[in-house]
Amino acid sequence: MRTDTGQVFKLEDYRPNDYLIPQTNLTFRLSPDATRVTALLTIERRDGVSASAPLVLDGDGLTLKRIEIDGKKVKPADLLATPDQLTILKPPAARRFQLLIETEVAPAGNEALMGLYRSSHVYCTQCEAEGFRRITYFLDRPDILSVYTVRIEALREEAPLLLSNGNRLDSGDLGDGWHYARWHDPFPKPSYLFALVAGNLGQLADSFVTQSGRTVELGIYVEPGKEKLAGYAMDALKRSMKWDEEAFGREYDLDVFNIVAVSDFNMGAMENKGLNIFNDKYVLADQETATDADFANIEAIIAHEYFHNWTGNRITCRDWFQLCLKEGLTVFRDHEFSADQRSRAVKRIAEVRTLRAHQFPEDQGPLAHPVRPRRYREINNFYTATVYEKGSEVVRMIRTILGADVFRAGMDLYFERHDGDAATIEDFIKVFEDTSGRDLSQFALWYHQAGTPNLTISSTHNPAAQEFTLEIEQSVPPTPSESRKRLMHIPLAFGLIGAGGKPVAYSGVEGASVEDGVIHVRKRRHMVRFSGVTERPAVSLNRGFSAPVTLSVEQKADDQFFLARHDSDAFSRWQAFNTLLTDALISAFREILGGKQPGFAARLSELAGSIAGDETLEPAYRALALALPGEADIARDIGRNIDPDAIYTAREALALAIGTANRDAFSGLYLSLADREAFSPDAASAGRRALRNTLLDYLALQPGGAALAARHFQSATNMTDRAAALAVLAHRHHGSPEAIEALAAFETIYGSDPLVMDKWFQIQASVPGPQTVDTVRVLTSHPAFSMGNPNRVRSLIGTFSSANQTGFHRADGEGYRFFAQTVLEVEKRNPQVAARLATALRSWRSLEPSRQAKAREALLSIANAENLSADLRDIVERTLA
């Protein structure tokens with residue numbers, strides 16, 4: 001484990017390496033405790049570089065066994081070798097030479113799950129961001145592109161399957177029970193995209209015919225006996241391949257495309273060229289073990305990793321500062337895919353909820369950074385919601401500003417101009433400037449400047465002059481290292497809504513550029529005047545969430561109620577109702593802190609009932625609308641002096657009020673939505689289940705609610721309904737006989753299925769209340785739990801710390817103390833997972849003073865631990881700064 005080096009990497013310091021590695025030949029002689037890796041590298045000195053320039057290669061904990069240059073052993077005096085670096089002090093005078101390096105690694109002992117490791121007796125690699133240097137010494141950086149040929153040798157009995165990137169060249173026996181396979185990837189790639197898998201796995205095979213008529217062999221490899229659980233993933237892969245051809249003109253380029261599912265994985269999945277490695281939770285699914293959310297995630301993540309073939313692999317990023325160039329862009333592409341496969345409106349709401357839950361707090365706290373960071377100490381800590389989710393929103397804004405046709409032309413030029421390149425954000429912006437003829441320099445601040453912009457908006461209507469005016473002011477709050485902000489280009493989609501929900505016409509506009517229903521906010525203040533407006537309209541703002549901003553709008557509650565019933569933009573209609581719910585919850589929170597009983601307007605419950613029963617709306621949409629803002633969302637909008645217990649009390653009171661006012665209607669609708677056909681994971685069926693389970697949550701607060709949820713659990717024919725009922729029982733009726741019985745029954749049925757048991761851990765870890773820290777502590781000793789498996793840790797510890805506001809933020813600080821101890825325990829095995837867990841305390845300064853002090857103590861206890869990894873120290877020190 002690398003401990004903190006204190007080194008800070010800065011974008012401004014980037015320069016190309018003196019050397020290139022155009023060809024990489026690797027031979028692996030696999031053994032659990034002593035794998036030999038022989039790397040034969042073609043080294044090429046760049047033009048203009050002195051022949052005396054040393055060659056410095058990256059390593060991480062390596063054992064060097066042999067080193068030769070052009071077939072001759074290198075003298076000890078001509079090199080410096082440590083486990084973390086190899087320096088050739090006197091490279092050959094020739095511009096190109098062959099460097100042979102033999103190292104030894106121990107996959108079975110690699111609990112960090114970076115480099116070459118073993119997962120359930122399967123050899124596996126994870127090299128992004130800097131894991132390849134744990135396999136052999138190399139120029140382990142994204143701008144070093146090499147053509148790889150890989151030979152894998154293993155005992156056939158131990159590893160009958162031998163996979164790597166590209167196309168298989170040949171395979172055969174070696175005698176004494178050993179065999180080999182050779183793979184070749186003709187497309188130059190950086191080392192982070194290297195992959196190797198070897199073991200005993202079952203295969204689900206299929207094929208895909210590309211638009212040019214080539215047949216691509218497809219394989220999904222899973223634990224033997226689980227092949228049938230990969231069927232949905234295979235279907236999603238084939239749909240992704242077809243969609244990318246149609247939507248972006250991108251055809252797959254190799255003869256094979258393989259996916260491997262492993263049970264120990266730090267991330268969701270990895271886009272290695274032609275050999276994607278997945279966390280098995282994003283591959284394995286059927287109705288008995290996976291929820292509708294699981295099916296949707298599998299579809300999205302399969303698509304995401306496949307789309308990386310062009311946005312990340314064929315065109316990679318020049319350096320890790322450009323990470324959003326592959327991740328944000330590919331998230332945008334997978335969002336578009338899912339929107340086309342499912343419901344665009346529902347998908348958009350879900351995307352925004354995710355952004356607000358994860359990225360907005362990041363922007364508002366000590367971990368804030370631009371979409372393209374300017375500096376980092378540990379790159380693994382920058383796989384963030386800002387890079388991924390906000391990065392996607394920036395791409396979406398480019399399309400909004402330029403229009404779909406010009407955006408597609410820009411993407412076509414990007415693929416044509418930069419295929420085979422390690423590109424930058426400047427390269428990406430330039431193609432859109434070239435295709436549109438527009439100057440996007442102000443817009444590019446979205447990549448360079450941290451923080452969530454706020455738009456303060458007020459409106460007036462002058463009936464005599466038939467003029468409607470919007471006054472818009474933009475501001476960006478200060479963030480760490482950025483106190484002064486520059487003005488952004490914000491595309492604000494809008495609508496003027498009149499009686500009956502009809503659009504209000506206007507004859508002219510001045511004060512800002514307005515194109516195709518979008519106000520282009522570029523200055524500090526805009527007075528946007530619409531002429532020819534005869535009636536006062538309700539204003540629908542940031543339609544479709546056209547920009548990732550917050551709004552401070554002077555708008556009457558009557559207008560919000562009107563928009564929640566009549567806005568033709570599905571997202572803005574949802575937003576209007578969500579704003580009403582949020583305002584009611586914040587008001588109730590303040591009443592509770594003041595010692596009062598919270599009250600709610602009757603028309604809010606009436607509106608909820610109206611939305612629930614509106615057959616013109618998709619069931620999935622209605623389910624999202626009825627889902628109350630989460631406790632963390634409410635805390636974010638309150639901003640400071642947060643008491644999580646008061647927020648929870650307010651939320652429960654509103655849920656009870658809405659459920660009581662609509663009890664009969666909700667009950668009738670709940671009964672009408674029961675599945676009467678065979679299970680299907682399609683969007684329409686999933687939407688009906690989502691609405692029914694949302695109604696169950698409301699009805700569970702009513703008399704007889706525990707019995708209703710228990711019947712729901714017992715009669716469930718799929719995991720979606722079973723898990724939803726279990727969560728309702730555990731959360732709404734904690735400690736009741738019904739809840740205890742259901743938790744025990746679930747464990748009995750699924751105790752041997754790790755992925756399903758993760759749901760059991762999650763449900764218990766998210767039970768509100770101060771007692772849950774004790775429950776979680778006990779569950780860490782459960783036979784199905786392991787501190788060494790990232791999925792288990794995330795399901796229990798991650799859920800408790802990030803999704804249980806009252807339990808984690810227990811008033812006496814016990815949640816923080818347990819959390820700090822656990823993070824340090826996890827760090828001993830896996831620094832990456834520990835660092836990601838630690839981000840749960842990123843918003844500690846928004847808490848009320850007593851909790852603030854206890855959270856700070858917990859953070860300091862982590863910071864003061866000895867031999868802290870670079871990953872964890874980076875997060876904790878930035879959080880405390």
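**Packing, strand pairing and loop geometry in the predicted model**

Of the 16 residues of helix α2, 13 are buried, so α2 is largely enclosed by the rest of the structure; buried here means under 20% relative accessible area, exposed over 50% and partly exposed in between, with a 1.4 Å probe and protein chains only. The structure is a predicted model in which local features need pLDDT of at least 70 and side-chain atom pairs count only at pLDDT 80 or more, whereas totals for chains, interfaces and linings use all residues. Residues are numbered from 1 along each chain as its sequence is written, and side-chain values use heavy atoms, with hydrogens and water left out.

Helix α2 spans residues 292-307; helices (H or I, at least four residues) and strands (E, at least two) are DSSP runs, numbered from the N terminus. From first to last C-alpha, the 16 residues of α2 reach 23 Å, close to the 22 Å expected at 1.5 Å a residue, where the expected span is 1.5 Å times one less than the number of residues. Helix α16 (residues 683-699) can be described in the same terms: its 17 residues reach 24 Å from the first C-alpha to the last, close to the expected 24 Å. Twelve of these 17 residues are buried, so α16 too is largely enclosed by the rest of the structure. Among the buried residues of α16 are Arg 689, Arg 692, Asn 693 and Tyr 698, along with Leu 691, Leu 695 and Leu 699. At the start of α16, the backbone nitrogen of Ala 684 has a side-chain oxygen of Asp 682 within 3.1 Å.

Turning to the strands, β19 (residues 256-262) is mostly covered, with seven of its seven residues buried. Val 256, Asn 258, Val 260 and Val 262 point one way from β19, while Phe 257, Ile 259 and Ala 261 point the other way. Strand β19 pairs in the parallel sense with β18 (residues 215-222) over five bridges; two strands pair if DSSP finds at least two bridges between them. Within this pairing, Ile 259 of β19 is the bridge partner of Ile 220. The chain passes from β18 through α1 to β19 in a β-α-β crossover that is left-handed. For reference, a crossover is right-handed if, with the strands pointing away from the viewer, the path from the first strand over the helix to the second runs clockwise. Strand β19 also runs parallel to β21 (residues 275-279), again joined by five bridges, and Val 260 has Ile 277 of β21 as its bridge partner.

A search of the whole structure finds 40 aromatic pairs. Rings of Phe, Tyr and Trp (its six-membered ring) pair if their centres lie within 6.5 Å, and planes under 30 degrees apart count as stacked, over 60 as edge-to-face and the rest as tilted. The ring centres of Trp 243 and Phe 337 are 5.7 Å apart and the planes meet at 75 degrees, so this pair is edge-to-face. The pair links distant parts of the chain, as Trp 243 belongs to helix α1 (residues 231-248) and Phe 337 to helix α3 (residues 323-341), 94 residues apart. Trp 243 and Phe 337 are both buried. Phe 800 and Phe 808 form another edge-to-face pair, 5.9 Å centre to centre with 80 degrees between the planes, and both of these residues are buried. Ring pairs also join Trp 243 and Phe 337 with Phe 248, Tyr 252, Phe 257, Tyr 306 and Phe 307 into a cluster.

Charged groups meet rings as well. The charged end of Arg 151 sits over the ring of Tyr 180, 4.3 Å from its centre, the criterion being NZ of Lys or CZ of Arg within 6 Å of the ring centre and within 35 degrees of the ring normal. Arg 250 lies over the face of Trp 310, at 4.6 Å from the ring centre.

Several loops deserve a look at the backbone. The peptide bond from Glu 128 to Ala 129 is cis, with omega near 5 degrees, and Ala 129 lies in the loop between β11 (122-126) and β12 (146-155). Asp 516, a residue other than glycine, has a positive phi near 50 degrees; Asp 516 lies between β29 (513-515) and β30 (518-521) and is exposed, with a relative accessible area of 81%. Phe 545 likewise has a positive phi of about 50 degrees, but this residue, in the loop between β32 (538-541) and β33 (550-553), is buried at 0% relative accessible area.

Notes
Polar contact = N/O pair within 3.5 Å; in protein donor to acceptor, adjacent residues only side chain to side chain.
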